[in-house]
Amino acid sequence: MCGIVGYVGHRTCLPILVEGLKRLEYRGYDSAGVAVQENGSIQVVKAAGKIRELESRLARVHLTGTAGVAHTRWATHGAPNDVNAHPHSDASGAVALVHNGIIENYSVLKNALQAEGYRFRTETDTEVLAVLISKYLKRGLKLEQAVGKALADVEGTYGIAVMCASEPGTLVGARKGSPLVVGVSDGEYFLASDVAPIVEHTRQVVYLDDGEMAVLSPDGFHTATIEHERVDKMVHEVDWDLAQIEKGGFDHFMLKEIFEQPESVRNSMRGRINSDEGLARLGGLNMTPEETREIRRLIILACGTSWHAGLIGEYMIEEHARIPVEVEYASEFRYRNPIVDEGTAVLVISQSGETADTLAAMREAQRKGARSLGIVNVVGSTIARESGGGVYIHAGPEIGVASTKAFTSQVSVLALLTLALGRQREMSRETGIEVARELEAIPGKIEAILKRNDAVRRIAELYKHHNNFLYLGRGYNLPVALEGALKLKEISYIHAEGYPAAEMKHGPIALIDDNMPVVFICTRDSAYDKVMSNMSEVRARAGRIIAVATEGDTEVVTRADHVIYVPQTLPMLQPMLSVVPLQLLAYHIAVLRGCDVDQPRNLAKSVTVE
């Protein structure tokens, strides 16, 4: 949440900053602002609303400076308005700062500063940090030292970019719990929350770790700890290009990313399957076969869509690898006293690799002695760096706030992990070959489902005005029901609930009437007859039924009002197919309702604060 971009170099910075904000808008879009060093002072322009509101104001000013910072906000402290928008300054305007995170002791710091005569204009915690840095600058410290001194007083999380009028051409960034990356080019340097605004200009990046800062100027940059001990950092090469974060002819990023799933799933499996022997190769786990055999219990930690993927992983791994699995909400894990004993491994799932709750839960598990493994999408992210090993899903950048292709790629990697662990245990060679070959067929089957996009849109037309939905599934399709309901909630603002189909009789059936659409995931598996019975119960109560069913199933047509067919596959892989029509259904309903699909209200792509 919140997007930061900064630049120092030889070019006029404003176009670079604004374009960078647009590439970061998925991280937050309550307000936006820029600060530019201009003729010995700092000029700040900001506006509530999306970046186009900021652009309207910038059209009335002329800024030619070559150093600046910018921010797009997801509000935590203070309402999303002009005053609370970033950048924030001290009363004199000599300091400008943008911030992602939460200063937990801001109230104490603010009271102390007010007692010293300092004045505040906003409701934000960030302004406290700007004033604190200004206080130390007035004592004669250089900007780098003043930032370090101020951060020593702070409790909480931050990714910041700050500059001051007295040191033109200098930009300082620092991070703790919120990502920050430095872009390195010839005579110009960038600072950002992630690589999206940087790749247009350079592929050479440096990832800051917690407790580190970077000092940038046109002459170069250096990295150090907050305590000013120099740190040598490795320069990484970004392996994706600008075209991957463009819409590519689609109306929305979400639709583009839904249609990218055949390729993103292929990428998640590329080079990792031996279908002749029914084996999976996951070298990134950094574990020997002997070490993986010693895993006696697995805890999966995740939030939101990644948590739903984790549930599917639980079912897969327990069935085929015979390892007990618990799927935990990462946000709850460390607020109790979880049991982590010998033989316990923790699997952490996060698209961004920066999810605050998931990262904190992983660190708690590590403190208790668990081996941690990550399943993440963003190369160089904090979870990727701090986990003992793991697997990149290689889904490519996902810009739409509602996750789609990351989900199917996470499930594909969990299937590969199941194959790897299962073949070490009770899974036969024949079963392994069947799983491997069916995995390789999944991308083509997703392509077949996507050809039914227009049919799904016609169903969406009929249900766009309904305000409640129920999603029901059993077994491997229960997490799909949960994910389908989440997608509809996220982007259309329709109340939707996912339930085990059998639990319908234990309460939700009271809601069924002709105004309650019910989405059944009823593909051919061991629970098919039971789900069909549940469907009859809904039909008897005049509920409207949308069914996701297996190709060739003619029985379901007698009970459902609408049927969306998906190809047959193994039960463990069915969620990768069943979820695609639900993604499309949510997308089309949201568009037909006039919702902002890529930037739904109150949400941000990466939740980097608790």
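**Domains, core and cavities**

A: Let us begin with a pair of domains: 11 residues of domain 1 are in contact with 10 residues of domain 2. Please bear in mind that this is a predicted model.

Q: Where does the domain assignment of the chain place each domain?

A: The assignment gives domain 1 as 3–238, domain 2 as 245–427 and domain 3 as 446–603.

Q: How much area do domain 1 and domain 2 bury between them?

A: They bury about 930 Å², with 50% of it on carbon and sulfur atoms. Taken over C-alpha atoms, the centres of domain 1 and domain 2 are separated by 32 Å.

Q: Which residues touch the most other members of the largest nonpolar core?

A: In soluble globular proteins, nonpolar side chains tend to be buried together. Here the largest nonpolar core has 90 residues, and those touching the most other members are Met316, Phe469, Tyr471, Leu573 and Leu585. This core lies between domain 2 and domain 3, because both give residues to it. Leaving aside neighbours within four places in sequence, Leu585 is in contact with Val456, Ile459, Ala460, Tyr471, Val519 and Ile546.

Q: How many cavities of 30 Å³ or more does the structure hold?

A: Rolling a probe the size of a water molecule over the atoms shows where empty space is left. In this structure there are 2 cavities of 30 Å³ or more. The second largest cavity has about 50 Å³ of space.

Q: Which residues line the second largest cavity?

A: The lining consists of Leu285, Met287, Thr292, Ile295, Leu298, Ile323, Leu373, Leu417 and Leu421. By type, 8 of these lining residues are nonpolar, 1 is polar and none is charged.

Definitions and conventions:
Residues numbered from 1 in each chain as written. Predicted model: local features only at pLDDT ≥ 70, side-chain atom pairs only at ≥ 80, totals over all residues. Heavy atoms only, no water. Core = buried A, V, L, I, M, F, W, Y, C linked by side-chain atoms within 4.5 Å. Buried < 20%, exposed > 50% of the residue type's maximum accessible area, 1.4 Å probe, protein only. Domains from an automatic or database assignment. Contact = heavy atoms within 4.5 Å. 1 Å grid on protein atoms, 1.4 Å probe; cavity = no way out; pocket = protein on both sides within 12 Å on 5 of 7 lines; lining within 4 Å. Points joined across faces, edges and corners; volume = space filled by probe spheres on them. Nonpolar A, V, L, I, M, F, W, Y, C, P; charged D, E, K, R; others polar. Buried area = accessible area lost by both parts, 1.4 Å probe.
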